[in-house]
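Please examine the sequence and the structure before reading each solution.

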Amino acid sequence: AMEVTEDIPKPERDARLYRRITFPNGLEALLISDPSLAGMKTPEDGDEDPMDDDAGSDGSHDGDDSDDDDDEEDGDEDGDAEDKDDGPGAGMKLAACSVDFDVGFFSDRASGFEGISHFLEHMVFMGSEKFPGENYFSDWLAQHWGSENAMTDSEQTTFYFECHPKHLKEGLDIFSGYFLNPLIKMDAVEREVTAVESEFERVTNNDACRLEAIMGHCAAEGHPFGVFGWGNRASLTQSELWKQGKIRESLLGHWRKHYHAGRMSICLLGEQDLDTLQSWVSELFSDMRNDGEAKTDHVSAGSPYAGQLPLMVNTTQVREGKQLDLVFTIPAGIKRRYRKKSVEYVEELIGHEGAGSLFATLKLRGLADRISAGVGSGGVPE
């Protein structure tokens, strides 16, 4: 049965309308109707064609490479995203959609080789049965002020795009094909291996990513936190499945197990009313199958450093100077207890830089020039 709720708390001055739906196939959706998107000019309306600018779509499909210092995968996955301030849709409000599957690189080993989740994230962008062209969506987005990207994290994989509000349904139709019936073409495999390798090479001198890799390497043998989630040419092409010519079969198997409605959520933002947005999701995603595996409970793996603490690791860094990182493992899921704000209290107490703070004392003694505190954005250790 379909479950619908519009009783969603929001700020008093938020004019947007919200609706959360769980569809019969298990797909969860958050719909957002934003009236302020209405009335936007289309590329055809203006005197000047914004598509004369070559920077329409970022054309990226390789994940979020946002230089986020917290995540191994985040460090990679938005690297190809160009500066949107230079794009033709810069400065205007765009319609958008994101799709998330609760599977990430923690599940790689069960599918045959490390890096398969990230690699699959690349491969699903290589066309669908309805829109088989590898560059069809990126070309379409370039004509409609849009961009696309994706990221693979420890326990989730997220895909998203934005486009001109008037063309949201058309974009959603193309986008849905990635998950309903991706081609995962063998002739695109080698090119995407090169893309994965390129992403990996870009962050080999990123100190945050290097530290993340070291922490994973120190994890207990067999623990999911030790998975090499990035993947690179070596981890992909030296696997037994690759050598046996079963790489496409493995990717499809990973897709069948994890990319299904029961582990999928979608957030859709458009100018249309909630009923219209709901009808689009129902129309375009109703055929999403729900016959894969249930979500893996990685919490049962326990602490990645059980029996090893306290642990001290000395390493070099690329950046000049020295840095001290104190890492504590805390219960997984603690950030979901957002009403208590316990995490924010600790972050503020340690990271505060005002008078009488820890940082002020260290700086006065010439022992520190910066300080930060926070909880990692996912994974068993958080």
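**Exercise 1: a helix pair**

Helix 2 (residues 116-123) packs with helix 5 (residues 189-202) at an angle of about 120°, their axes lying 10 Å apart. The model is predicted, local features require pLDDT of at least 70, side-chain atom pairs count only at pLDDT 80 or more, and totals for chains, interfaces and linings use all residues. Residues are numbered from 1 along each chain as its sequence is written, and side-chain values use heavy atoms, with hydrogens and water left out.

Task: How is helix 2 oriented to helix 5, and which residues make the contact?

Solution. 

Step 1. The angle makes helix 2 oblique to helix 5. Angles under 35 degrees count as roughly parallel, over 145 as roughly antiparallel, 65 to 115 as roughly perpendicular and the rest as oblique. Axes are lines fitted to C-alpha atoms, for helices over the stretch in contact, and angles run from 0 to 180 degrees between N-to-C directions. Helices (H or I, at least four residues) and strands (E, at least two) are DSSP runs, numbered from the N terminus.

Step 2. Helix 2 contributes His118, Phe119, His122 and Met123 to the contact, and helix 5 contributes Val189, Glu192, Val193, Ala195, Val196 and Glu199. Contact means heavy atoms within 4.5 Å.

**Exercise 2: Thr22**

Task: Is Thr22 buried or exposed, and which residues is Thr22 in contact with?

Solution. 

Step 1. Thr22 belongs to strand 2 (residues 17-22).

Step 2. With a relative accessible area of 19%, Thr22 is buried. Buried means under 20% relative accessible area, exposed over 50%, and partly exposed in between (1.4 Å probe, protein chains only).

Step 3. Leaving aside neighbours within four places in sequence, the contacts of Thr22 are Ala1, Met2, Glu3, Leu27 and Glu28.

**Exercise 3: Met215**

Task: Where is Met215 found, and which residues does Met215 touch?

Solution. 

Step 1. Helix 6 (residues 207-217) holds Met215.

Step 2. Met215 counts as buried, at 17% relative accessibility.

Step 3. Not counting residues up to four places away in sequence, Met215 touches Phe225, Tyr305 and Val327. Met215 and Pro304 are 89 residues apart in sequence, and their C-alpha atoms are 9.3 Å apart in space.

**Exercise 4: the whole protein**

Task: How many helices and strands does the protein have, and what share of its residues count as buried?

Solution. 

Step 1. The protein has 12 helices and seven strands.

Step 2. Of its 382 residues, 45% count as buried.
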